[in-house]
Amino acid sequence: MLEVSLRHAFAGFTLDAEFSAPAGVTVLFGRSGSGKTTIVNAVAGLLMPDEGRITSGDWTLLDTQKRIRLKPHRRRLGYIFQEGRLFPHLTVRQNLAYGAWFAPKDAPREDMPRVVEMLGIGPLLDRRPGALSGGEKQRVAIGRALLSAPRLILADEPLAALDEARKSEILPYFERLRDEVSVPILYVSHSASEVARLATTVVALRDGRVASAGPPEQVLGDVGAMGTRGAASILTARVVAHHADGITELSGAAGTLWLPRVKAREGATIRVRVVAQDVILSRALPDGLSALNILTGTVAGLRPGQGPGAMVTLDMGGERLVARVTRRSADAMGLAPGQPCHAIIKAVSVAPQDVGQTFGDAHG
Amino acid sequence: MSDWLSPAEWEAVQLSLRVAFWATLFSLPVGVTVAYALARWRFPGRELLNIVVHLPLIMPPVVTGYLLLLTFGTQGPVGGFLDRTLGFTFAFRWTGAALAAGVMAFPFMVRAVRLSIEAVDPKLEQAASTLGASRGWIFLTVTLPLILPGIIAGTVLTFAKGMGEFGATITFVSNIPGQTQTIPLAIDLALETPGGEALAARLAVLSIVLAATALALSEWISRRVAARVGGT
């Protein structure tokens, strides 16, 4: 478990954050300027904070009180940068081997052929980074970090510099990383869909402080951390069948979901992110609607917002679904905890990037 | 060679090559270090160092030669010390010519290397540090290969400048055949000697050929290295 506690003052901005990152992927989530990259750089040792303590198990990377400030090259981290930062004068193979060469000989390490196969970079090995596409570079950067025998992998918005097509090309590799590699990952992102697909734990940051931390289902539904427009739920469901009309049938604790073609094989378990303001509530079971998904649950909580809105949390067979409605409708419907309620979700409101492809049992 | 150049002239050519070789050899590590310090480090006296390095480029060469004479002459503080303790003399020796050539060429070396260091993205060096490389290893495996074109350019410029240095050399170590009379000094002497025009012309042509060859060679090497580093 990585424990981070940092305080650092910049001109006009103070970082004061404390969180812990258990095994799996911990996503540092927030807008630009919220302090995400500062935290990652402090963990990597590229930035020395005014005060702080960073430990992983019994291993201390930084403790300003005890005057321990490990140099970056002694921290044994695999840092995946936003711009890749591959060495232009080395081939892909040499880039991949670079970190492994400096790692202690007895360090537990990944097998080069396995990593090359996992990332699909075999045909690129003898090329130089200048001849690679953005997505290829980023896959090599992942491999380079992984092969340096790291005790922790850091990724600073590794997809931000890529277009949508490249993003959906790389994201599955991070999902494989999470599910197949035991090294914990600290992942910086400002994208809620990346959080929904990847995170085991989310640390939401705002203005240099931790606004909310916990499992993604909890943090993404937290209006305080996400803002009213960003709040969302994560439903876990299993792919039952792909139907001929392009609709995929999924089955989860909340009931049956019908979504536009999901890129996952039948039987796979996936995560679906549903944005709170895309959910419509109804007391009676609606009839003759175009929306494909009508889920039934009970009201678990009702929280009026500062404006005219209210956030309603529904319990759906153990899963939580948040809906953003107006206070006026909540009053008119007489919504109160314990009452049954139906939630209506348009199938097309769930964007493809909000659907995670595979979901490892280890972290389920 | 001897039908074309007399033994004395051939001696001047060999001496020039030797002077330029040693001047370059010593300028290289010092020049790369100073260039690195100027490009990357912030320290008190950085501006002063920058000015001192560039002075030989701006000052009249005679002044540089005079200052070398004051410092490294047998009566000078450094020259006197070396003479007494190690028996090593600069004054009126080819070593003095090499020193003068090295000092005069030093700004060329530093400028070329510094420009190439400033072109290296420090983020690559950061990436290397997160991968476990210490500062020394980062320099050897990342910085040095990336600045190689600049180092080659600086080396060739230094060598060419060392071959052709005149003012500081003649002031510091005089014009002694076989000892300090490099090609430019031999040309100067030939021009002052009645009937020496043909010799001066031959040596001048030789100078041009050597300089042009050096430049072409460095261009070729730089292009090859840049293509490697450029990554295509």
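Visitor: What radius of gyration does chain A have, and what value would a compact globule with 364 residues have?

Guide: The radius of gyration is taken over C-alpha atoms, and the globule rule is 2.2 Å times the number of residues to the power 0.38. For 364 residues a compact globule would come near 21 Å, and chain A, with 22 Å, agrees with that. This is a predicted model, in which local features need pLDDT of at least 70 and side-chain atom pairs count only at pLDDT 80 or more, while totals for chains, interfaces and linings use all residues. Residues are numbered from 1 along each chain as its sequence is written, and chains are lettered from A and ligands numbered from 1 in the order in which they are written.

Visitor: How many helices and strands are there in chain A?

Guide: Helices (H or I, at least four residues) and strands (E, at least two) are DSSP runs, numbered from the N terminus. Chain A has nine helices and 20 strands, and its C-alpha atoms fill a box of roughly 65 × 50 × 30 Å along the principal axes.

Visitor: Which order do the strands of the open sheet in chain A have?

Guide: Two strands pair if DSSP finds at least two bridges between them. In chain A, an open sheet of six strands runs in the order β7-β8-β9-β3-β10-β11, with mixed pairing. Its edge strands, each pairing on one side only, are β7 (77–80) and β11 (209–214) of chain A. Within the sheet, β3 (residues 25–29) and β10 (residues 201–206) of chain A pair in the parallel sense over four bridges, and Thr26(A) has Thr201(A) in β10(A) as its bridge partner.

Visitor: Where is Arg85(A) found, and is it buried or exposed?

Guide: A residue is buried if 20 or more other C-beta atoms, placed from the backbone, lie within 10 Å of its own, exposed if 12 or fewer, and partly exposed in between. Arg85(A) is found in the loop between β7 and α2 (92–102) of chain A, and it is buried because 23 other C-beta atoms lie within 10 Å. Most residues other than glycine have a negative phi. Arg85(A), however, has a positive phi near 55°, and Phe92(B), also not a glycine, has a positive phi of about 55°. Phe92(B) lies in the loop between α4 (77–85) and α5 (94–118) of chain B, and with 17 other C-beta atoms within 10 Å it is partly exposed.

Visitor: At what angle do the axes of α1(B) and α7(B) cross?

Guide: Axes are lines fitted to C-alpha atoms, for helices over the stretch in contact, and angles run from 0 to 180 degrees between N-to-C directions. The axes of α1 (residues 7–40) and α7 (residues 135–164) of chain B come within 8 Å and cross at roughly 140°.

Visitor: Which residues of chain B does Ile152(B) touch?

Guide: Two residues are in contact if their C-beta atoms, placed from the backbone, lie within 7 Å. Ile152(B), whose place is in helix α7 of chain B, touches Ser218(B), Ile221(B), Ser222(B) and Val225(B), not counting residues up to four places away in sequence. The C-alpha atoms of Ile152(B) and Ile221(B) are separated by 7.6 Å, although these residues are 69 apart along the chain. With 22 other C-beta atoms within 10 Å, Ile152(B) is buried.

Visitor: How many residues does the contact take from chain B and from chain A?

Guide: The contact takes 18 residues from chain B and 21 residues from chain A. On the side of chain B that touches chain A, α6(B) gives the most, with six residues.
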